[in-house]
Amino acid sequence: MNKIRKGDKVVVLAGKDKGRTGEVLRVMPKDDKAIVRGINMIVRHQRQSQTQEGGLIRKEAAIHLSNIAVADPKDGKTPTRVGFEVRDGKKVRVAKRSGEVING
């Protein structure tokens, strides 16, 4: 059971986008990286093809999991650590800051 999952709202802790929040689009556990919407944007030059137009393409690059933290579900902005508890016979992720269950 991973601490950060697809769909989580996260806060960037380090790097050029420090302090910004976004939604996790994809998690790559083997590489310890995640792709977050609107964070760590890069520009790629794309050659024109029959199906796609050429030019500059802006897209999200992967960011290391150590540089992001789950946003507290209570206020949605402050970063929190993630713990695990058994509630009603189910293992759930819990925000250490507020004690609330992280949905998902």
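Reader: What is the relative accessibility of Glu23, and is this residue buried, exposed or partly exposed?
Author: The model is predicted, so that local features need pLDDT of at least 70 and side-chain atom pairs count only at pLDDT 80 or more, while totals for chains, interfaces and linings use all residues. Residues are numbered from 1 along each chain as its sequence is written, and side-chain values use heavy atoms, leaving out hydrogens and water. Relative accessible area (1.4 Å probe, protein chains only) is called buried under 20%, exposed over 50% and partly exposed in between. Glu23 therefore counts as partly exposed, at 34%.

Reader: Which residue forms a salt bridge with Glu23?
Author: A salt bridge requires a side-chain nitrogen of Lys or Arg within 4 Å of a carboxyl oxygen of Asp or Glu, and here the closest N and O atoms are 2.9 Å apart. Glu23 sits in strand β2 (residues 21-28), and its partner lies 14 residues away in the loop between β3 (33-36) and β4 (41-46), where strands are DSSP E runs of at least two residues, numbered from the N terminus.

Reader: How many residues apart are Asp8 and Arg93?
Author: The side chains of Asp8 and Arg93 meet in a salt bridge with an N to O distance of 2.8 Å, and both of these residues are buried. Asp8 belongs to the segment before β1 (9-12), whereas Arg93 belongs to strand β10 (residues 90-95). The pair thus links distant parts of the chain, and its separation in residues is 85.

Reader: What is the relative accessible area of Glu85?
Author: Glu85 meets Arg87 in a salt bridge, at 2.9 Å from N to O, one of four such bridges that the structure holds. Arg87 counts as partly exposed because its relative accessibility is 32%. Glu85 is likewise partly exposed, and its relative accessible area is 36%.

Definitions and conventions. Helix = DSSP H or I, 4+ residues; strand = E, 2+ residues; numbered from the N terminus.
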